[in-house]
Amino acid sequence: DPDPLVREFANAVSSGEVEEWDEVIPTDTTPVDSEPVAALEEAAARLVTETDLWFHLGDYRQCVRAQAAALMLDPTWAELNGINGWVYWSLGRNAEALGAYQRGVRMNRGDWQSRFDLGQHYFLTGRFDAAATEFERARKLGCPAPFSYRHAHALEKAGHLAESLAVWREL
């Protein structure tokens, strides 16, 4: 089977390592809540578990596909938008990465992490002025001090030394 997860399970069954589905599906799992929003969130969470498996198997393209499906179900999942952008960036697909980070910001306007993730993308792609702007916005939204130093670094890289020094003094 070309699907690595199916192949892995099939091999485990054929070798006797796993005999029944009950050994794969934990007995303490609960059925999905009947409320539609909860059902969508549960489905998205299960897809995120799948993305992690694909990631660790090294199949980043399948990881991105599963992330896209999860984000279709729950587009407000801030952390997943950031991870989706990072995987795209890792694949050298900067346009898609930028789109993922921008979607994260649009869907989570009050979330410092989404702004920080977008700023980090700008920083890593050499867009230091844009990075400084996003890091500043992240700080205004409550970005913790250990992450806030990126604002000063971006200002420095953009050539705004006096502003960078002022941020360092604030921290």
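How do the residues of the lining of the largest pocket divide into nonpolar, polar and charged? This tour comes back to that question after two other stops.

The model is predicted, with residues numbered from 1 along each chain as its sequence is written, and local features need pLDDT of at least 70, side-chain atom pairs count only at pLDDT 80 or more, while totals for chains, interfaces and linings use all residues. Side-chain values use heavy atoms, with hydrogens and water left out.

**The nonpolar cores**

Select Phe 116, Leu 118, Ala 131, Phe 135 and Ala 154, which touch the most other members among the 24 residues of the largest nonpolar core. Such a core is a set of buried Ala, Val, Leu, Ile, Met, Phe, Trp, Tyr and Cys residues joined through side-chain atoms within 4.5 Å, where buried means under 20% relative accessible area, exposed over 50% and partly exposed in between, with a 1.4 Å probe and protein chains only. At least two residues of this core come from each of helix 3 (60-73), helix 4 (78-90), helix 5 (94-107), helix 6 (112-124), helix 7 (128-140) and helix 8 (145-157), and helix 6 gives the largest share, five residues. Helices here are DSSP runs of H or I with at least four residues, numbered from the N terminus.

Stay on Ala 154, which, leaving out residues up to four places away in sequence, touches Phe 123, Phe 128, Ala 131, Ala 132 and Phe 135; contact means heavy atoms within 4.5 Å. Then select Leu 47, Ala 70, Leu 71 and Leu 80, which are among the five residues of a second, separate core.

**Ser 148**

A polar atom of the Ser 148 side chain lies 3.4 Å from the backbone oxygen of Cys 143. Apart from residues up to four places away in sequence, Ser 148 touches Arg 139, Cys 143 and Leu 171.

**The largest pocket**

Finally, select Glu 79, Gly 82, Ile 83, Trp 86, Trp 89, Tyr 101, Gln 113, Asp 117, Gln 120, His 121 and Leu 124, which line the largest pocket. Helix 4 and helix 6 are the elements that give two or more residues to this lining. To return to the opening question, the lining residues divide into five nonpolar, four polar and two charged, where Ala, Val, Leu, Ile, Met, Phe, Trp, Tyr, Cys and Pro count as nonpolar, Asp, Glu, Lys and Arg as charged, and the others, Gly among them, as polar. A pocket is an open set of points on a 1 Å grid over the protein atoms alone, where a 1.4 Å probe fits, with protein on both sides within 12 Å along at least five of seven lines, and lining residues have an atom within 4 Å of a point.

Terms used: Polar contact = N/O pair within 3.5 Å; in protein donor to acceptor, adjacent residues only side chain to side chain.
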